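Hi there,

Here is the structure I promised to pass on. Have a look at it first, and then read my notes below.

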Amino acid sequence: MTKAQIIEKVAEQIPTLTKRQVEIVVNTMFNSIRDSLHKGDKTEIRGFGSFRLRSRRMKEGRNPKTGTTVSVPAKKVPFFKAGKELKELLNKT
Amino acid sequence: MRKADIANEIFEKVGVSKKEAADIVELILNLLKSVLQKGESVKIAGFGNFMVRSKGARKGRNPRTGQEIGITPRRVVTFRPSQVFKKYVNQ
């Protein structure tokens, strides 16, 4: 399911909001998660999961085309950990 | 940041009450969960993709006692952040 489809579905369920408003809501939601990590904070959503940054050390990489060694600098990567409720939901029989 | 903070941002951006904002957040999260439960992926442009992967049975060990235990097959959610998201957090 894509973001556009999510907006469509949610707009159907909330007739008091226009599709444009729902679009802003959905964008705001994901943007605020993104911004929180950008600021070095984390986001914990009960029942769904948490988003935080993980650090990656600098490493030696290789240019696959030329074979020359290049160093890949240390960086942060966004990481999502599914919450208990979501994990259980996926494994309900 | 927590769910209430997200609802608050929505309250400030869209002309809805705090209660409505909180309800919409809940609605969206429930939709995402039900999509993932069906085994379907969720793709958010500029943010990333949530995918469901199936894991087979394997043997594990209790790290404290060293006792071997079986790990049952299960489904897990993985998140792959988009290029935009990855770049943004390193700026």
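I started with helix α1 of chain A, whose buried residues are covered by, among others, α2 (19-38) of chain A together with α2 (18-37) and β1 (42-44) of chain B. Please keep in mind that this is a predicted model.

The buried residues in α1 (3-13) of chain A are A:I6, A:I7, A:V10 and A:A11. They lie on the same side of α1(A), because the arc they cover around the axis is only 130°. An α-helix has 3.6 residues a turn, so residues three or four places apart point the same way. On the other side of α1(A), A:A4 and A:E12 are exposed.

Next, the interface. Contact between the two chains involves 45 residues of chain A and 44 residues of chain B. About 4300 Å² is buried between them, with carbon and sulfur atoms giving 72% of that area. In chain B, the residues that lose the most area to chain A are B:M1, B:K33 and B:Y88, together 16% of what that side buries.

As for the polar side of things, 17 residue pairs are in polar contact between chain B and chain A. The largest share of the side of chain B that touches chain A comes from α2(B), with 12 residues. By class, that side of chain B has 28 nonpolar, 11 charged and five polar residues.

The rule finds two salt bridges across the interface. One joins the side chains of B:K33 and A:E85, at 2.9 Å from N to O.

Technical notes
Residues numbered from 1 in each chain as written. Chains lettered and ligands numbered in written order. Predicted model: local features only at pLDDT ≥ 70, side-chain atom pairs only at ≥ 80, totals over all residues. Heavy atoms only, no water. Buried < 20%, exposed > 50% of the residue type's maximum accessible area, 1.4 Å probe, protein only. Helix = DSSP H or I, 4+ residues; strand = E, 2+ residues; numbered from the N terminus. Arc of directions from axis to C-beta. Contact = heavy atoms within 4.5 Å. Buried area = accessible area lost by both parts, 1.4 Å probe. Salt bridge = Lys/Arg side-chain N within 4 Å of Asp/Glu carboxyl O. Polar contact = N/O pair within 3.5 Å; in protein donor to acceptor, adjacent residues only side chain to side chain. Nonpolar A, V, L, I, M, F, W, Y, C, P; charged D, E, K, R; others polar.
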